Every structure is written in structure tokens, then in C-alpha cells.
Amino acid sequence: MEIGIALPQYGTHARADRIAAFARDAEDAGFDSFWVGDRALTPVAPSDLYPGHTPENPYPHQYKTFLDPLTVLTVAAASTSRARLGMSTLNGPWYPPALLARSLTSLDQVSGGRLDVGLGIGWLRDEYTAVGADFGRRGALLDELLDVLHGFWTQEEFGHEGPHWTIPASYVGLRPVQPAGPPVYLGGFSPAALRRVGRRAAGWVGAVLPPGMAEGLWDVARRAAEEAGRDPGALRRQIRYNPAPGATADAIAAVLAGVRDTGADGCFVDLQQSVDSPEEALELGIKVLDLLRG
């Protein structure tokens, strides 16, 4: 199983001056992939609660400071040569598809073809309000975005006429390094989200879930792939783990070993809610990596 780590991006880890060195050191230590998330804002009186949180504590307090995910990945891409670059997840419906296609294709080129695109639809209506997107149609927006990305990555001339976006027929000279474009993974934890994974994606960017829940969702994706005439065995799983503050390297490694036992292709650890600095995160992450590969 591939082992990844989240890049310094939010909370007390949101230090732009540490991204390059963190990525270089993590790659030298043997991490296989680097990951970012996506937050547009943290409302004072949020419309929705982060899963598992309360009105008194509506979301992780670290989310109040958040670096742009594509900027962070670009710095890491320019500082490394081997590790894959992923998103768990970029909230696709927020972005005009033509501009997102340009950004992602450019990042695939900058990284030498190491980009894995992870897309989701988010959970906070206030963020959709802030960026001018329709929260009620977020699933349909994501589906249309996937159509546009595929067109930009596979056609030399591309135009699009859809319910949400119109793109005049245009020459597409900017080509991704990876044939047919970077692999697209999709997030989500509902049956509808996993059916979309099976029908349309290279795989699922999930998270560590209670026993049985992840397996049931994965079965939904595999059945959807088979019904769509795709090979369910080709779907890949990249799983996120957010350890609690104070979690030890032994405890974190035990969780990742459990993920490995499920047959997942990769698991990455996000330590930005566990320790206070990028330096502590890298030190703890390397201990975990050594335990898993020792």
C-alpha cells in the first residue's frame, strides 16, 4: 500500500515558507504521495456543521486559516521528483471548468505527470454562496465538470454546451503529460457518490470509517462499475486518516495497517489537527512510516 502525508496547508501548519522543504524531506523519507484539501472560508455562523461536530464547535478550529490547494501542490511539485500529488478533495463545483482544466493541466505538466485529481462536492452551503455556485445542484455540476475535463484532456478541438456552462469550440494546445489526463478520483460517503465513483472515476478518495461502512460503500462502487461496463477491479482506493491530538506513532501505524489489510491502494495521514507544526508532523509521520515498513 502506498503511504502519503498531507502537506502543510491549514491551521498552524499554514506556513508557505515550509511547503518546499517539507515536501523534499518527506519524499526523501520515502512517502509515496502528498495531499491537500479545499476550504473557501470558515463562517462565523455556519449554515452546516462539519460531520461529528456541534453548534458550539461547528468545524475544526484549524480551518480558519487555509492556503490555496493548487498553490500548495505547485510548490511541492517544483520541489520534488517522485511522489504523487493528490487532493482529498478539491470541491469541483466551485470552479469554472475551463479554468480548472487549465490549472490542472498546467500542474500535471509542472509535476511531470504526477497529478491525481481528487474531486468532491463539499458539505458547507455558505461556501457555495461565497463562490456563486448552486449547492442544490452540486451533483449535477460535478457531473458536467467531469465531462468538460475529459473533453479538454482528450480532444484537440473542444466545445461544450451544457445546462450550467457553455464553452465555444476551441483549440486545446495545452496537453497533460499523462495520456487522457490525470486520473480522477471522487470523494463522498453516500451511495449516490459511490455509484458515481463506479461509473466515472479512477477510484475513491475515502476516509477511515467505522468497521463495515467503508466495505459497504466500496461494494456500491464496484457494482456500479460493473453495471456501466467497466472493470471493477481497476478501481483504486486512497484513504485519508485524521489522527486525534496526542495520537502516538504506534497507534497511527496500527490504523494504517488496518487500512492496508482491506486491500486499499493507498492511505495518507493528515497530522495538521494532531500536532502544532510542520516539523512535528514530519517527525511523527516518519516514525509511522518506519513502523509500517520496518
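Visitor: Which residues point one way from strand 2, and which the other way?
Guide: The model is a predicted one, in which local features need pLDDT of at least 70, side-chain atom pairs count only at pLDDT 80 or more, and totals for chains, interfaces and linings use all residues. Residues are numbered from 1 along each chain as its sequence is written, and side-chain values use heavy atoms, with hydrogens and water left out. In a regular strand the side chains alternate between the two faces of the sheet. All four residues are buried (under 20% relative accessible area, where exposed is over 50% and partly exposed lies in between, with a 1.4 Å probe and protein chains only); one way point Ser33 and Trp35, the other way Phe34 and Val36.

Visitor: What is the order of the strands in the open sheet?
Guide: Strands are DSSP runs of E with at least two residues, and helices are runs of H or I with at least four, both numbered from the N terminus. Two strands pair if DSSP finds at least two bridges between them; strand 1 (residues 2–6) and strand 2, for example, are joined by three and run parallel. The open sheet has nine strands with parallel pairing, in the order 3-2-1-11-10-9-8-5-4.

Visitor: How are helix 2 and helix 3 arranged, roughly parallel or roughly antiparallel?
Guide: Axes are lines fitted to C-alpha atoms, for helices over the stretch in contact, and angles between N-to-C directions run from 0 to 180 degrees. The axes of helix 2 and helix 3 (residues 97–110) come within 9 Å and cross at roughly 20°. Angles under 35 degrees count as roughly parallel, over 145 as roughly antiparallel, 65 to 115 as roughly perpendicular and the rest as oblique. Helix 2 is therefore, relative to helix 3, roughly parallel.

Visitor: With which residues is Gly285 in contact, leaving aside its neighbours within four places in sequence?
Guide: Gly285 lies in helix 9 (residues 278–293), and counts as buried because its relative accessibility is 1%. Contact means heavy atoms within 4.5 Å. Leaving aside neighbours within four places in sequence, the residues in contact with Gly285 are Ile5, Phe31 and Leu271.

Visitor: Where is Ala180 found?
Guide: Ala180 has a positive phi of about 65°, although it is not a glycine. Its relative accessible area is 52%, so Ala180 is exposed. Ala180 is found in the loop between strand 7 (166–171) and strand 8.

Visitor: Which peptide bond is cis?
Guide: Thr89 lies in the loop between strand 3 and strand 4. With omega near -15°, the cis bond is the one from Ser88 to Thr89.
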